[in-house]
Every structure is written in structure tokens, then in C-alpha cells.
Amino acid sequence: MRNRKNPMKLREHTANTVMLAPMYLFTIVFLIGPFVYMLVLSFLSRAETWGVVNEFTLRNYRRIFEPVYLSTFWESVKLAFLVTGLVILTGYPFGYFMAKLAPRKRGIVLMLVIIPFWTSSLMRLYGWIVIFRANGLLDKFLMDLHLIREPLKLLYTYPAVVVGMIYALVPFMILSVYSSVEKMDWTLVEAARDLGAGPVKAFLTVTLRCTMPGLMTGVILTFVPSMALFFIADILGGNKIALIGNVIQDQLMKVHDWPFAAALSVVLMLMTTLMIFLYRKITGSRDMEGIV
């Protein structure tokens, strides 16, 4: 019997290995390989004219601590916190109430949330130019209501960039929260209400805790990209607002300082890793508290 089982287990193991091989290959070629290359490149020196010199140096990382780059990192982080906070205020209630709709209405609203993904994000951002430009749709609408007398000139301003980022990222928060709320055990909320908790207390102590994984997923999908979505800052900010993504793009395309661009990218990835670690820590501790 032992000899019969071993060939079966061997064939099963071989089949699993063959099935997983494409995933391993994809991970090595498109994820691990580029990251290792970028990490090595960040410790090399820039050539005087073009390319890279194979000389180990820490200068690229020391340059990040120069005031101009620290300021850019700080502005990127501030914008990321602002956008994430506004996305939570907008996307969490939307996802929460969407999950509580009747199945037919829920499907319609869910489709409306997903439809924008069918269009290029660049095309959708150019639509905001039509809305925000002087004497554009927003100005004409507010003038018709006699709320303003002169154009607001919102295009190429900080608020325009914030609105553009919220518009681009809020669907991720909505879908993340919707997924958590849909899977909730509503008997827990009913039990809290039966024990004397009011609507607000029941929401804070039960609903919010149960939907925390979805909320944190939305935060990760919002906070991390908002630090590097340089094309939104370019299109709606008119190059007046520089994010760390803009600096990396300039180092690659204009200055051709690839090692420094790689160093900036490594630091940005470390910040992303920190956010994911905090996400795992928070959601993991919530799960353990729920089990206890």
C-alpha cells in the first residue's frame, strides 16, 4: 500500500508544481527581478553623459535628505493623508448604504461605480478640465445660480488636484467597504441594540470593527497611489504641484539620473511596505480580538 500511495502523491506533487510554475515565473520575472534590479541600481553612480557607472555609492540615498526632496516627500504625504481622509468620508458611507440596498438597486449602483473603469483614466481627467476651466461648466452653473460673479479659476490649483485624486481613488474605497459590509453578520448589531446600545454606539463598537478590514484595504488602495499619481498633478495642477512621482519621472525622462530615481522608488516602496505592515497588524489584531 505504501508503494502505491507514493507514486500517486508524486504525480499530485508534480501536477501542483506544473500548475504553480507560471505564477512563480511571473513573480520572478515581473516582480522580484525588477525590484532587485532597481535596488542594485540605486547603489550605483550616474555616468557623466548617459547610463550608469558600476561604482558602489550611498550618495543617491543621501540626496533624498536634501531639503528640496524632503519637502517633496512631505508634501506628497500630506496630500495622501488629505485625499485618504476625504475618500473615507465619501466612500465609506457610499459603500455601506450600497450594501444595504435591495439586490436589484444594489446591482445598478454597483454597475455605475464600475463603469468609469471601462474608460481611460486620462480621458476622465480631461473631462475635469472642461468642468474646472475658467467659464467652464462649473463656473456657468454657479453664475446661473447667482452664487458667484466672476470665474473661480479652479483649474491648475491644489483643490483641483485633490478633487481629481478623490475621483480616481474613491471607487476602490467604495468597493472595499461594500465587500466587508455585505459579508457582515447583522445579528451582532441586533444583539448590541438589544443590550441597550444606541445606533451610534452599535455602529462604532460593532459595525465599524467588523468592516475595519475593508476600510483598511480602501485606505491602502488610496494612500499609497495618492503619493505617486503624478499625471493627475500634471493634468489638473499644471506642474505647480510636485509629488514624489513627478520627481521620479523627471529624474528618468529629463535628467536621466536613473540611480537617484531608483533610490527614490526604493524609499517609496519601503513606505508602501510599512503601510501594508500596519494594515496586517491592525486587521490581524482585530481578528484575534474577535476570536477571543
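Reader: Is asparagine 135 buried, partly exposed or exposed?
Author: Asparagine 135 counts as partly exposed, because its relative accessible area is 41%. Buried means under 20% relative accessible area, exposed means over 50%, and partly exposed lies in between, with a 1.4 Å probe and protein chains only. Please note that this is a predicted model, in which local features need pLDDT of at least 70 and side-chain atom pairs count only at pLDDT 80 or more, while totals for chains, interfaces and linings use all residues. Residues are numbered from 1 along each chain as its sequence is written, and side-chain values use heavy atoms, with hydrogens and water left out.

Reader: Where is asparagine 135 placed?
Author: Asparagine 135 is in the loop between α5 and α6 (137-144). Helices (H or I, at least four residues) and strands (E, at least two) are DSSP runs, numbered from the N terminus. Asparagine 135 is not a glycine, yet its phi is positive, at about 60 degrees.

Reader: What is the phi of histidine 256?
Author: Histidine 256 also is not a glycine, and its phi is positive, about 60 degrees. The loop between α12 and α13 holds histidine 256, which is partly exposed at 24% relative accessibility.

Reader: How many helices and strands does the protein have?
Author: There are 13 helices and two strands.

Reader: Why is the protein said to be more spread out than a compact globule?
Author: Its radius of gyration is 25 Å, well over the 19 Å that the globule rule gives for 292 residues, so the protein is more spread out than a compact globule. The radius is taken over C-alpha atoms, and the rule is 2.2 Å times the number of residues to the power 0.38. Along the principal axes, the C-alpha trace spans about 70 × 70 × 35 Å. Buried residues are 35% of the 292.

Reader: Which residues have the most contacts inside the largest nonpolar core?
Author: They are Val83, Met165, Leu236 and Leu264, in a core of 60 residues. A nonpolar core is a set of buried Ala, Val, Leu, Ile, Met, Phe, Trp, Tyr and Cys residues joined through side-chain atoms within 4.5 Å. Helix α7 gives the most to this core, with twelve residues.

Reader: What does leucine 264 touch?
Author: Not counting residues up to four places away in sequence, leucine 264 touches Ile64, Phe73, Ile244, Val247, Ile248 and Gln251. A contact means heavy atoms within 4.5 Å.

Reader: Against which helices do the buried residues of α11 pack?
Author: They pack against α5, α7 and α12. The buried residues in α11 are Ile232, Ala233, Ile235, Leu236 and Gly237. Glycine 238 follows α11 and has a positive phi, near 60 degrees.

Reader: Now, cavities. Which residues line the largest cavity?
Author: Ser121, Arg124, Leu125, Tyr167, Ala168 and Phe231 line the largest cavity. On a 1 Å grid over the protein atoms alone, a cavity is a set of points where a 1.4 Å probe fits but cannot get out, and lining residues have an atom within 4 Å of a point. Helix α5 provides the largest share of the lining, three residues.

Reader: And how is phenylalanine 97 placed, buried or exposed?
Author: Phenylalanine 97 is exposed, with a relative accessible area of 54%, and is in helix α3. Its C-alpha atom is separated by 8.9 Å from that of valine 181, 84 residues apart along the chain.

Notes: 1 Å grid on protein atoms, 1.4 Å probe; cavity = no way out; pocket = protein on both sides within 12 Å on 5 of 7 lines; lining within 4 Å.
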